[in-house]
Amino acid sequence: MLIMDIITWEPEKTETVIKRRVEEKIPTGVKVIGEWIDIGGGRAYRLVDVDDPRVLFAMTSAWVGIGKKELVPVMGAEDMMKLMAQK
């Protein structure tokens, strides 16, 4: 299952976010496909692949109090178009 992991933080938390990311340990069962930083600041995106979405709890709990964390299930546009064509 693909999950877009998004964190948004206030500018004064930037140093804390960077430190936390450097120290972060990705749990077993989570494959990081890619990570992106909003060049405007205050937001980062990470696309992960997981078999069991419950393992994301460990990743999410480490960020409590730093910013807003969102986990959004996603699928490739091509796969979605194939599903929609079957209707």
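A salt bridge here is a side-chain nitrogen of Lys or Arg within 4 Å of a carboxyl oxygen of Asp or Glu. By this rule the chain has ten salt bridges. The model is predicted: local features need pLDDT of at least 70 and side-chain atom pairs count only at pLDDT 80 or more, while totals for chains, interfaces and linings use all residues. Residues are numbered from 1 along each chain as its sequence is written, and side-chain values use heavy atoms, with hydrogens and water left out.

Q: What makes the contact of lysine 19 and glutamate 23 a salt bridge?
A: The N to O distance between their side chains is 3.7 Å, and the limit is 4 Å. The two residues are four apart in helix H1 (residues 14–23), so about one helical turn separates them.

Q: Why is lysine 19 called exposed?
A: Exposed means over 50% relative accessible area, buried under 20%, and partly exposed in between (1.4 Å probe, protein chains only). Lysine 19 is at 53% and therefore counts as exposed. Glutamate 23, at 45%, is partly exposed.

Q: What parts of the chain does the salt bridge of arginine 46 and glutamate 35 tie together?
A: The closest N and O atoms of arginine 46 and glutamate 35 are 3.7 Å apart. Arginine 46 lies in strand E3 and glutamate 35 in strand E2, so the pair ties together parts that are eleven residues apart in sequence. Arginine 46 counts as buried, at 5% relative accessibility, whereas glutamate 35 is partly exposed at 40%.

Q: How do you know that aspartate 52 and arginine 54 form a salt bridge?
A: Their closest N and O atoms are 3.0 Å apart, to be set against the limit of 4 Å. Aspartate 52 counts as partly exposed, at 27%, and arginine 54 as exposed, at 67%.

Q: Which residues are linked in a network of salt bridges?
A: The network links Asp5, Arg21, Glu24, Glu35, Arg46 and Lys69. Aspartate 5 lies in strand E1 and is buried, with a relative accessible area of 4%.

Q: What makes the pair of aspartate 5 and lysine 69 a polar contact?
A: A polar contact is a pair of N or O atoms within 3.5 Å; within protein, one must be able to donate a hydrogen and the other to accept it, and residues adjacent in sequence count only if both atoms are side-chain atoms. The side chains of aspartate 5 and lysine 69 are joined at 2.6 Å.

Q: How many helices and strands are in the chain?
A: There are three helices and four strands, in the order β-α-β-β-α-β-α from the N terminus. Helices (H or I, at least four residues) and strands (E, at least two) are DSSP runs, numbered from the N terminus.

Q: How do you know that strands E1 and E3 pair?
A: Two strands pair if DSSP finds at least two bridges between them. Seven bridges join E1 (residues 2–8) to E3 (residues 43–50), which run antiparallel.

Q: Why are strands E2 and E4 said to stand at the edges?
A: The open sheet has the order E2-E3-E1-E4 with antiparallel pairing. Strand E2 (30–37) and strand E4 (68–74) each have a single partner strand, so one side of each is left without a neighbour in the sheet.

Q: Why is E1 described as largely enclosed?
A: Five of its seven residues are buried, so the rest of the structure largely encloses E1.

Q: What makes the nonpolar surface patch?
A: Met75, Met80, Met81, Leu83 and Met84 make a patch of about 490 Å². Patch residues have over 30% relative accessible area and no salt bridge; like charges are joined within 9 Å, nonpolar side chains (Val, Leu, Ile, Met, Phe, Trp, Tyr) within 5 Å. Methionine 75, in the loop between E4 and helix H3 (77–85), is partly exposed at 42%. Accessible areas come from the Shrake-Rupley method with a 1.4 Å probe, and for residues only the protein chains shown count as cover.
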